[in-house]
Amino acid sequence: MANQVPENHFYTRKHEWAREEGGLLVIGITDYAQSSLGDIVFLDFPAVGATLGGGASFGAIESVKAAEELYSPVAGVVQEVNEDVRAHPEKINQDAYGAWILKLANYERAALGELLSPAAYSEYVASLG
């Protein structure tokens with residue numbers, strides 16, 4: 001299992017990633033998550049303008065093997081959703097860090113410090129076996 005862990009991202013123990021870009025927080029799922037799920041077939045995520053709490057479920061991702069909840073790494077307001085990924089969820093399998101799910105505005109920047117660093121996330125994934 002090739003578990004890429006880009007350096008310029010923050011990570012959660014539920015396998016979401018977040019990166020700051022242009023004043024927004026871009027969120028997706030990790031390579032480990034997409035690999036564990038297998039072929040992704042469906043995504044459900046909130047409407048633009050929805051307010052998310054940190055750690056709160058914001059939708060679901062389904063594969064041929066399983067369905068999992070998606071969780072917001074920090075609190076914020078949904079600025080944009082990736083309609084291309086909604087229409088073509090397999091893009092997450094092809095490029096987990098390029099196929100983002102949503103972007104948050106007005107997010108809790110200070111809360112990013114509570115997320116896992118790339119090194120800490122790599123250690124966490126390694127501990128899962």
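**Reading strands, turns and phi angles**

Mentor: Let's start with Glu69, which lies in strand S7 (residues 67–71). Strands here are DSSP runs of E with at least two residues, helices are runs of H or I with at least four, and both are numbered from the N terminus. Residue numbers start from 1 along each chain as its sequence is written, and side-chain values use heavy atoms, without hydrogens or water. Keep in mind that this is a predicted model, where local features need pLDDT of at least 70, side-chain atom pairs count only at pLDDT 80 or more, and totals for chains, interfaces and linings use all residues.

Trainee: Is Glu69 buried, exposed or partly exposed?

Mentor: Buried is under 20% relative accessible area, exposed is over 50%, and partly exposed is in between (1.4 Å probe, protein chains only). Glu69 comes out at 42%, so it's partly exposed.

Trainee: What is the strand order in the open sheet of six strands?

Mentor: For two strands to pair, DSSP has to find at least two bridges between them. Here the order reads S1-S2-S3-S9-S8-S5, and the pairing is antiparallel. S1 (10–11) and S5 (51–52) each have a single partner strand, so they are the edges, and one side of each has no neighbour in the sheet.

Trainee: How many bridges join S1 to S2, and how many join S2 to S3?

Mentor: Two bridges hold S1 against S2 (residues 16–21), antiparallel, with Tyr11 opposite Trp17 in S2. Between S2 and S3 (residues 24–29) there are six, again antiparallel.

Trainee: What do the hairpin turns look like, starting with S1 and S2?

Mentor: Four residues separate S1 from S2, and His15 in that turn has a positive phi of about 75°. The hairpin of S2 and S3 has two residues between the strands, with Gly22 at a positive phi near 60°.

Trainee: Where is Asn106 found, and is it buried or exposed?

Mentor: Look in the loop between strand S9 (102–105) and helix H4 (118–127). Asn106 has 69% relative accessibility, so it counts as exposed. His15, in the loop between S1 and S2, has 13% and therefore counts as buried.
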